[in-house]
Amino acid sequence: MPQRGNWKNWFEFIFSCIGCLVGLGNIWRFPYLCYRNGGGAFLIPYFFFMVVCSLPMFLLEMSYAQYSNLGPGRVWICCPLFKGVWYGMIILTGIVSIYYNVIIAWTLYYLVMSFNSVLPWSTCDNYWNTVFCYHRSKVQVDVVNSSTFNASIEVGTGHYQNQFLVSPSNHSNEMHPTLFGGNGSNVTFMTHFKGKTSTEEFWEWKVLQLTPGIENIGIVRWELMLCLLVAWLAVFLSLIKGIKSSGKVMYVAATVPYVLLLVLLIRGATLPGAWDGFKYYIVPRWVELKSVTVWGDAAVQILYSTGIGWGGIATLASYNNFNNNIQRDALVLPIIDAVTSLFAGCVIFVNLGHMAYKTDVPIETVVSQGPGLAFMVYPEALSHLPIPQLWSVLFFLMLFTVGIDSQIVHVQTLTSALQDSFPKYMLKRTMSLTLVLCVTLFALGLGCVTQGGVYVLQIFDWYCASVSVMFLSLIECLVMAWVYGAKRLSNDIKMMIGKPIFPLWRIFWMFITPLTMVLVWGFNLASLKPVTYGNTAYPSWAIGIGWIVALVSCIPLPVGFLFQIKSVPGSFLQRMNVSVRPTAQWIPVKYKTIEVELDNIAHAFETEQMITTE
């Protein structure tokens, strides 16, 4: 039987893990949460939950995968009764893979648009702009806040002038336009509307061509479809030879973002207003630590950021050499992830500080999170820099590399799961398997590149991460600590690294970490609200689909439980007793290697005997 193989060296594993951990959330979610939840004070709960949750879970996931040389698709043989936990992780990763590459396609679109002589999101004189468009500058904002300003649009075949009467006390840019026309026509109406920046209109009316709601999905945006195709092509080429090719790609994909972030930080730090933005981001506001929400946000962010419960870390660790020091890796990698988030926040806020200085607006009025930060606020900040095209190219190239290496790990998790489940048929067909997966996921993602596709993507992202991933992580921790046994797991790690692990790890696995995760999961569910996109509410049927998405990765748990009990003979107690024990195939990978070598020797001997006989 063909073998899975291993990383060529330790650095391939480390860079792959960094690529998995450092994703788009580090760039567009952590900085916002840090600023909103007390600035530098937010780091106290953040690092607290890293110690009590992320570090123990990181070591736990890497240990059983490295010990067995198996990923989520087969590692369940350590406790067959709970095979559904790992199958749920695979389903969860598959769902995320569908829409994550759509976000990468958006970054590619912006990257291409950044090569225009004038950044298309920096002006209001494009064909997609409306009369309510404005570009933030010191002069325009003063006008919007105190007086009137003129804009022109094409309505049908007539050319109209609009005069927007804005109340000086109106800080939300709510406008009451009076439309009057020329060329013999005279049309007047009053409406109540919020002004949008040129970057907002570029995002909504040019990139997405946004429909009013999910009820109207619209047509496929062919430009985004092409970008999605390029993104999937990049993933396929990176995984064309499995870990042999992805390990080399990660050297570049995991390091380039740091270089680009450093360049953007140096440039931003030299601009007026940068220091104000940095202080706004990092200066501690200790009073915020009294809020339960701050601690809840910190716990949720660190658990999602370190990739616990998705299966990616376990997959990467399954290709390690048996004696790799995973205790060292489990301590180092989450810290790298946290420092990267903090570093990315500095890059974001020094440039937002400069934009606030240039436009003479409070920085809190422009801060956002998620796609709003990456595709509206930050591009607007870059448009205020000298040579804005250069900095836009660097920023979106950085986003692309940050996203693509995480997506590579997502797909690698799926391919490894299938190869572990069907090694006889799949291990020799890595390229074909990867191609089929990429084409399938590309086709499934086409719904997210329609004019209303962002509404679909929002449902996936809202419910997928909020419910299932933490539940699966909690069950995984309980199963490995109490069913497989924390002591047995500790002995497995001792066998791999050649020395006993810190006794505190077992206390974390058995008590502190699962209790903390129960509290965090409860907080997350209590704070979960029906999905929205901006101010757009979803119909009840769409919310129902969201809950189906949330629960579909949890369904394998009871199904796997029932299937396992049914497949074992004996009484119920006998079946339970057998089902919670590791199967005969659960052996250290080093013994498997010896077994394979003996099989090869036996096969060679049999072949020699046949030749001699003939």
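Helices (H or I, at least four residues) and strands (E, at least two) are DSSP runs, numbered from the N terminus. The model is predicted: local features need pLDDT of at least 70 and side-chain atom pairs count only at pLDDT 80 or more, while totals for chains, interfaces and linings use all residues. Residues are numbered from 1 along each chain as its sequence is written, and side-chain values use heavy atoms, with hydrogens and water left out.

**View 1. Overall architecture of the predicted chain.** The chain holds 24 helices and 8 strands. Contact means heavy atoms within 4.5 Å; among the contacts of the chain with a separation of 6 or more, 80% join residues 24 or more positions apart.

**View 2. Surface and burial of the chain.** Buried means under 20% relative accessible area, exposed over 50%, and partly exposed in between (1.4 Å probe, protein chains only). By this criterion, 57% of the 614 residues are buried. The accessible surface (Shrake-Rupley method, 1.4 Å probe; for residues, only the protein chains shown count as cover) comes to about 25,900 Å², of which carbon and sulfur atoms contribute 67%.

**View 3. Asn-69 in the loop between helices H4 and H5.** Helix H4 spans 43-68 and helix H5 spans 83-113, with Asn-69 in the loop between them. Asn-69 has a positive phi, near 60°, although the residue is not a glycine. Its relative accessible area is 11%, so Asn-69 is buried.

**View 4. Gln-209 in the loop between helices H7 and H8.** This loop lies between H7 (198-207) and H8 (222-238). Gln-209, a residue other than glycine, has a positive phi of about 50°. Gln-209 counts as partly exposed because its relative accessibility is 29%.
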